[in-house]
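Please go through the model shown below with the following questions and answers.

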Amino acid sequence: MSSKITIETRQYDSNGNMDTIELKVYGNVIEKNGSIYIKYNQKEEDLEVKNTIKVSKDCIKVIKTGSVNSTMTFVKDVKHTNRYSTPQGIFLIDTEVNDFTISNDEKRIEIKLDYMIEIQNMFAGRNKITIKAEK
């Protein structure tokens, strides 16, 4: 069954400027072995990316395959270096989670993720992401 998924990202740069990106797609929400998987596809121009967000009690993983390949891992108070492969090249992205919360009931799941991000000395800032998925 198809689920409505909304992802809102607020990105703050080191000067305090904010950009907001909102994505609305349809995908699937699957609960399996104590984890929740939110799966959806994105297509921009001729590029397609398959996305899986794996949510467990203390970890969130964002897995991208296709024209972009990456596994980004988010654990509270842990700094991770992630490889992000794009048609333009491979980037190393450092993330450190400030906080995340997960609300899950029979009808929907909501994830709030707040983390610091640094992309190979090209960008440093803070991301606040809210993911809502209907079941």
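Q: Which residues does Ser35 touch, not counting residues up to four places away in sequence?
A: This is a predicted model, in which local features need pLDDT of at least 70 and side-chain atom pairs count only at pLDDT 80 or more, while totals for chains, interfaces and linings use all residues. Residues are numbered from 1 along each chain as its sequence is written, and side-chain values use heavy atoms, with hydrogens and water left out. Ser35 belongs to strand β3 (residues 35–44), where strands (E, at least two residues) are DSSP runs numbered from the N terminus. With contact meaning heavy atoms within 4.5 Å, the residues that Ser35 touches are Ile30, Lys54, Val55 and Ser56.

Q: Is Ser35 buried or exposed?
A: Buried means under 20% relative accessible area, exposed over 50% and partly exposed in between (1.4 Å probe, protein chains only). Because its relative accessibility is 9%, Ser35 counts as buried.

Q: How is the aromatic pair of Phe74 and Tyr115 classed, and what is the angle of its planes?
A: Rings of Phe, Tyr and Trp (its six-membered ring) pair if their centres lie within 6.5 Å, and planes under 30 degrees apart count as stacked, over 60 as edge-to-face and the rest as tilted. The structure holds one such aromatic pair. The ring centres of Phe74 and Tyr115 lie 4.7 Å apart, and the pair is tilted because the planes stand at 55 degrees.

Q: How many residues apart in sequence are the parts that the pair of Phe74 and Tyr115 ties together?
A: Phe74 and Tyr115 are both buried. Since Phe74 lies in strand β6 (residues 69–74) and Tyr115 in strand β9 (residues 108–119), the pair ties together parts whose separation in sequence is 41 residues.

Q: Over how many bridges do β9 and β10 pair?
A: Two strands pair if DSSP finds at least two bridges between them. β9 and β10 form a hairpin with three residues between them, and Ile119 stands opposite Phe123 in β10. The pairing of β9 with strand β10 (residues 123–134) is antiparallel, and its bridges number 12.

Q: Is Asp77 buried or exposed?
A: Asp77 is placed in the loop between β6 and β7 (79–86), and its phi is near 60 degrees, a positive value in a residue other than glycine. Because its relative accessibility is 64%, Asp77 counts as exposed.

Key:
Helices (H or I, at least four residues) and strands (E, at least two) are DSSP runs, numbered from the N terminus.
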